[in-house]
Amino acid sequence: MEAKNPKSSKTIMTDLVLPSETNPLNNLFGGELLARMDRAASIAARRHSRRIVVTASVNHVAFNRSIPVGSVVTVEATISRAFTSSMEIYIDVWIEDRESGLRDKANEAIYTFVAVDDTGRPVRIPELIPETDLEKERFEGALRRRQLSLVLAGKMKPAEATELKALFEQ
């Protein structure tokens, strides 16, 4: 199985925020944004693994900025790290200024997907080789985030979380 780089599975989805997708303040519903992020992350995970993928967890979501009706929204999903059968996908959400066309980062999220076979059993996936500084930063952070999730879920003993321990021993 040949290793891949993040750009080979990067997924970019651009859409318009319609009135039926907004709350009483005329901003995009958080749940609608979560669904858009889930779809983009799913496509990126599928491209990386070339398998059926399922959402395992939503590890982090930051609704930093509201997205008003009529906005052009771009969701970019990139694999930040591949483990045995799971992948961490980092999602950046951008809004485009109507007049200037400049994009500003509005929100971000981190999802985990698992590649499975036709019976739903996890399957091995290709390794990921980060190339850019940002990809390398997210790749390194993914192991710490994974260990933290496993410790909090009771699936890993804190003493075994070597990457997390290293943060506190500096």
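**Core, salt bridges and contacts in a predicted model**

I95 lies in strand β4, where strands (E, at least two residues) and helices (H or I, at least four) are DSSP runs numbered from the N terminus. The model is a predicted one, so local features need pLDDT of at least 70 and side-chain atom pairs count only at pLDDT 80 or more, while totals for chains, interfaces and linings use all residues. Residues are numbered from 1 along each chain as its sequence is written, and side-chain values use heavy atoms, with hydrogens and water left out.

With a relative accessible area of 7%, I95 is buried; buried means under 20%, exposed over 50%, and partly exposed in between (1.4 Å probe, protein chains only). Not counting residues up to four places away in sequence, I95 touches R65, S66, I67, S71, V72, V73, L102, R103, D104 and A106, contact being heavy atoms within 4.5 Å.

Next comes the nonpolar core, a set of buried Ala, Val, Leu, Ile, Met, Phe, Trp, Tyr and Cys residues joined through side-chain atoms within 4.5 Å. The largest one has 29 residues, of which M37, I67, M87, I89, I91, V93 and F113 touch the most other members. At least two residues of this core come from each of α1 (30-49), β3 (72-82), β4 (86-96) and β5 (103-116). Helix α1 supplies the largest share, 6 residues.

On the charged side, the count comes to 10 salt bridges, each defined as a side-chain nitrogen of Lys or Arg within 4 Å of a carboxyl oxygen of Asp or Glu. One of them pairs R138 with D92, the closest N and O atoms being 3.1 Å apart. This pair links distant parts of the chain, with R138 in helix α2 and D92 in strand β4, 46 residues apart. Both partners are buried, R138 at 13% relative accessibility and D92 at 8%. Shared partners join D92, K105, E108 and R138 into one salt-bridge network. R138 also has its charged end over the ring of Y90, 3.6 Å from the ring centre; the rule here asks for NZ of Lys or CZ of Arg within 6 Å of the centre and within 35 degrees of the ring normal. R146 likewise lies over the face of F83, at 4.3 Å from the ring centre.

Another salt bridge joins E131 and K7 (3.5 Å, N to O). E131 is in the loop between β5 and α2 (133-152) and K7 in the segment before β1, so the pair ties together parts 124 residues apart in sequence. E131 is partly exposed at 39%, whereas K7 is exposed at 57%.

P6 also sits in the segment before β1 (11-16), but P6 is buried, at 1% relative accessibility. Leaving aside neighbours within four places in sequence, the contacts of P6 are T78, I79, L128, I129, P130 and E135. P6 and I129 are 123 residues apart in sequence, yet 7.2 Å apart in space, C-alpha to C-alpha.

Two non-glycine residues have positive phi. N26, at about 65 degrees, lies in the loop between β1 and α1 and is partly exposed at 43%. R50, at about 55 degrees, is in the loop between α1 and β2 (52-63) and is exposed at 61%.
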